[in-house]
Amino acid sequence: MSERLKNRHVLLTGAGGGIGLAVAEACIAEGARCSVVDRAVAAPEAVRALQQQHPDKLAYIAADVTDTQAIAHMLAEAKVAFGPIHTLFNNAAVFDLAPLLDSDEASFDRLFAVNVKGMFFVMQAVLRHMVEAGTQGASVINMASQAGRRGEALVSHYCATKAAVISYTQSAALAMAPHGIRVNGIAPGVVDTPMWDHVDSLFAKAEGLPPGEKKRRVGLEVPLGRMGVPADVAGAAVFLASDEARYITAQTLNVDGGNVMS
Ligand SMILES: NC(=O)c1ccc[n+]([C@@H]2O[C@H](COP(=O)([O-])OP(=O)(O)OC[C@H]3O[C@@H](n4cnc5c(N)ncnc54)[C@H](O)[C@@H]3O)[C@@H](O)[C@H]2O)c1
């Protein structure tokens, strides 16, 4: 590794596992210190294992991103742990599906609370801090999805929340450009994580498939021939956080094996 993030402080939400934790691992390998945030009070086992390898480079912070007070506490704890934040990896999200005519208010509220409200107010709090601190090389990476670029009959709310992530990324990039802060997004396709285990079980119920079958099918449809793994997304995240991406803002990068084109 080339220490592209040497001495940088990266704050990652929803990083107790899946893509977020893989990105934290890659950032640490590039020299960063990471504030890893998730909603569980105690650090998940995989986070503790990474922390044992890098005790002075990882702090775990419990916060629910739907709670604006918890966001303020999260930010305060992160600053105490590692000082000013250089990069926000704004990643926490939840998934649900239902036929459009049956989808209910509770599912709508939960998805928009985490994926849009949580995403926006975490970003706003961290951007205020970045502007105040005048952090050099500061940037935000919001986790969108291929779902934000198209509709899906069973997945309307999740698709809408991810379209909102792409839209906020564009507006925030323009608002922050005068401060020299970049705001970009990443739109993965299908990545094998705990979220996809949940997606698979929901599709199994909705489409009468055996467990694992939906995963198998979506993997075959990817032009590069397989589902992604969390580490496939990490390289793009490190690149967008690094100075190599210093002239890139307001973009949402597809990291999907070509899936959005298929
Ligand atoms: N896995 C995929 O195929 C895929 C595809 C496109 C986009 N994405 C996006 O990538 C990101 C990471 O997804 P993943 O697959 O690693 O999912 P994941 O479920 O493994 O990780 C998401 C994390 O967010 C946390 N979280 C949920 N609600 C929270 C809250 N209120 N406060 C704090 N943390 C909360 C969860 O505890 C979990 O650890 C998400 O934004 C997701 O929408 C994933």
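## Where the ligand sits

The ligand sits in the largest pocket. A pocket here is an open set of points on a 1 Å grid over the protein atoms alone, with protein on both sides within 12 Å along at least five of seven lines; a molecule sits in it if more than half of its atoms lie within 2 Å of its grid points. This is a predicted model, where local features need pLDDT of at least 70, side-chain atom pairs count only at pLDDT 80 or more, and totals for linings use all residues. Residues are numbered from 1 along each chain, and side-chain values use heavy atoms, without hydrogens and water.

Let's look at the shell.

Polar contacts are pairs of N or O atoms within 3.5 Å. Here are some that reach ligand oxygen atoms:

| Residue | Protein atom | Distance |
|---|---|---|
| I19 | backbone N or O | 2.8 Å |
| V191 | backbone N or O | 2.7 Å |
| T193 | side-chain N or O | 2.5 Å |

Taken alone, the ligand exposes 820 Å², and the protein buries 93% of that (Shrake-Rupley method, 1.4 Å probe).

Methods: Polar contact = N/O pair within 3.5 Å; in protein donor to acceptor, adjacent residues only side chain to side chain. 1 Å grid on protein atoms, 1.4 Å probe; cavity = no way out; pocket = protein on both sides within 12 Å on 5 of 7 lines; lining within 4 Å.
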